[in-house]
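Dear colleague,

I am handing over a structure that you have not worked with before. Please look through it first, and then read the notes that follow.

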Amino acid sequence: MSTTINIKKGLDIPLPGAAGGETVKDTTTRLFAVCPDDFPGYTWKIAVKVGDKVAIGDPLLRAKEDPEICLTSMVNGNVKEINRGARRKIEYVSVEASDSESVAAFSSAGSVLSDMKKSGLYAMMRQRPFDIVPMAHVKPRDIFVTSFDSAPLAPAILSKEDTPYLESGLKALASLTDGKVYLGVREGSGINSQVAEVIEIGGPHPTGNVGVQIAAVKPVNKGEVVWTLDVRTAARIGRMVKDSKLSFRTVVAITGPDAENPHLVDTLDGAALGSLLKGQIKKTEGKVRVISGNVLTGIKVETESGFLRYPYRQITLIDEGDQADEFMGWASMNPKKYSVKKTFPAFLRGLTKPFNFDARIKGGHRAMILSGEYDKVFPMDIYPEYLIKAILAKDIEKMEQLGIYEVAPEDFALPEFVDTSKLELQKIVRDGLDYLRKETL
């Protein structure tokens, strides 16, 4: 039996360049990497040296706080580089593949939790509050699994190959909590489960955000912990439990208005973008921004030296906008301009038709005004503007009262998009969560 929830607040951004057609198998990428910054909450320590031979599932980095928690290799090969930045911070660990094997036997460590830590799948989950890799010593109240991504141009998460293992993964997750496992699905998807409580969700983005699903079903209160993940990670856990096999294969969508041929690619987590994007970027007058992820929450990367960042399964290509030369600038009445506030005449032709967005923010930073514009695209029962003010003031008591335990940076991506003050809301929320965790734990 499932429950249906309809979300009314939100916004679907009409960006062109959706991936379609058959999935192309990636046979050229030989370099893959793990970036510790993609797994917040722990201090990661190197477990290998350059030149070491590694197999699928072998540890590349271990958590200082709990050495059993690992970030593992997704291929058989040799450690190519340990890239360090300022103060010798580890930026990424890359592995050069030696063969095309993509599924490996997994030796069980005993319990499901230990196996997840050892395999690297544990680090692919997140915890509310704080939006970090879960603290292993805290048992979750509930576990929420989302089966779809509603972000602009996002591909389907669950593949046919993973579907048979989903129920086994949900059963394994159910053994880790005394509460329930909730499975959020798109309304009308037909996805069912005998283990999890299915929640059908309809409405615009951000319905796919697990934070919105938690808020609609059972919000997180102070002192409570819930774990979150997507169905592909749940299916990987199911494969590990059911067949004692480990795989990091994923389907990546190459999307965006500057993609020469938007399509789906069957590759591995952490794939180098140089080979994936070869011949895929349109030749334009200006520069093209390469985003690992979607336009709202993704990470800007370099074409030749960048990697597919976790948890993204999408690459978006848009104009930087550095060659833009518009008559009258922001005051132009150009019918091709987009505005959620109907400032430009484009709304007369409908705001659901594709617009060629670029990376400009079109304006400088301004004072924050309590205009209620965040509320129109923020479906959670929280006052987002007041929460942002409390974070900036570092007022812990106010932050707690206003619901910071329920949110993650991605929940503020749409408010950041519509914000006339041009504030970096996602960064503010991330800093606020880190500060709260430091001061309260």
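Which residue in S8 does Val54 stand opposite? Val54 stands opposite Gly77 in S8. Before going further, please note that this is a predicted model, in which local features need pLDDT of at least 70 and side-chain atom pairs count only at pLDDT 80 or more, while totals for chains, interfaces and linings use all residues. Residues are numbered from 1 along each chain as its sequence is written, and side-chain values use heavy atoms, with hydrogens and water left out.

Strand S5 (53-54) and strand S8 (residues 77-84) run antiparallel and are joined by two bridges; strands here are DSSP runs (E, at least two residues), as helices are (H or I, at least four), numbered from the N terminus. Two strands pair if DSSP finds at least two bridges between them, and on that basis an open sheet of four strands has the order S3-S9-S8-S5, with antiparallel pairing. Its edge strands are S3 and S5, each of which pairs on one side only.

Turning to the helices, H2 (residues 163-174) and H4 (residues 231-243) pack at an angle of about 85°, with their axes 6 Å apart; axes are lines fitted to C-alpha atoms over the stretch in contact, and angles run from 0 to 180 degrees between N-to-C directions. H2 is therefore roughly perpendicular to H4, a term that covers angles of 65 to 115 degrees. The contact (heavy atoms within 4.5 Å) involves residues including Pro164 and Tyr165 of H2 and Val231 and Ala234 of H4.

Notes. Parallel < 35°, antiparallel > 145°, perpendicular 65-115°, else oblique.
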